[in-house]
Amino acid sequence: MVMVMVGDTEKMIAVGLVWGATNAFMRRGAVIWDRALKSSPPPDPTRKTLHRLRTSIGNWVKLLAIWQYIIPFLINLSASATFFAILSHTPISLAVPVTNATTFAATAVFGVILGERTHLGFAFFGTILIVLGVWLCIS
């Protein structure tokens, strides 16, 4: 039987909260990137493969140049490193459900905070179910 270290549960929940918050912010940055791509001229399908590859790489560079995307992305990656450190001494059967459920709930909550359109009743009910499920997993 593997024992979960004191504080690991809080770390798992914190990772889920960070992932959820950064998901909502990255989505906002991706919308900015999408608008920028739509305002640029469409790619020419008759161009050679090398030109299409350069265009694709250029589009990714544009995404990484948008601070509203790259800052949350880097914070998200640091939470991923923390998650892998937690996995070194926590059962995956506990760590994954707790962090994923928390991430899902946090994404919904931060999406609402950022003004995304959503069905508040369903989002609230789902978030309550997620909190209950996480509580059952860790108690």
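Leu-129 sits in helix H5, which covers residues 120–138. This is a predicted model, and here Leu-129 comes out partly exposed, at 46% relative accessible area. Leu-129 also belongs to a nonpolar surface patch, along with Phe-124, Phe-125, Ile-128 and Leu-132.

Now for the inside. In soluble globular proteins, nonpolar side chains tend to be buried together. The largest nonpolar core here counts 13 residues, and the ones with the most contacts inside it are Met-12, Val-15, Trp-19, Phe-83, Val-98, Ile-130 and Val-134. At least two core residues come from each of helices H1 (8–39), H3 (67–87), H4 (92–113) and H5. H4 gives the largest share, with five residues. A separate core of five residues lies apart from this one, and Met-26, Trp-33, Leu-63 and Ile-66 are among its members.

Back to Met-12: beyond its neighbours within four places in sequence, Met-12 is in contact with Ile-86, Thr-90, Leu-94, Ala-95, Val-98 and Thr-99.

What about the aromatics? Across the whole structure there are four aromatic pairs. One of them joins Phe-83 and Phe-84, with ring centres 5.9 Å apart and planes at 70°, so it counts as edge-to-face. Ring pairs also tie Trp-19 to these two, making a cluster of Trp-19, Phe-83 and Phe-84.

Here is how accessibility looks for three of the residues above:

| Residue | Relative accessible area | Class |
|---|---|---|
| Phe-83 | 9% | buried |
| Leu-129 | 46% | partly exposed |
| Phe-84 | 58% | exposed |

So Phe-83 is buried because its 9% falls under the 20% cut-off, while Phe-84 is exposed because its 58% is over 50%.

How values were computed:
Residues are numbered from 1 along each chain as its sequence is written. This is a predicted model: local features need pLDDT of at least 70, side-chain atom pairs count only at pLDDT 80 or more; totals for chains, interfaces and linings use all residues. Side-chain values use heavy atoms; hydrogens and water are left out. Patches are made of residues with over 30% relative accessible area and no salt bridge: like charges are joined within 9 Å, nonpolar side chains (Val, Leu, Ile, Met, Phe, Trp, Tyr) within 5 Å. Accessible areas come from the Shrake-Rupley method with a 1.4 Å probe; for residues, only the protein chains shown count as cover. A salt bridge is a side-chain nitrogen of Lys or Arg within 4 Å of a carboxyl oxygen of Asp or Glu. Helices (H or I, at least four residues) and strands (E, at least two) are DSSP runs, numbered from the N terminus. Buried means under 20% relative accessible area, exposed over 50%, partly exposed in between (1.4 Å probe, protein chains only). A nonpolar core is a set of buried Ala, Val, Leu, Ile, Met, Phe, Trp, Tyr and Cys residues joined through side-chain atoms within 4.5 Å. Contact means heavy atoms within 4.5 Å. Rings of Phe, Tyr and Trp (its six-membered ring) pair if their centres lie within 6.5 Å; planes under 30 degrees apart count as stacked, over 60 as edge-to-face and the rest as tilted.
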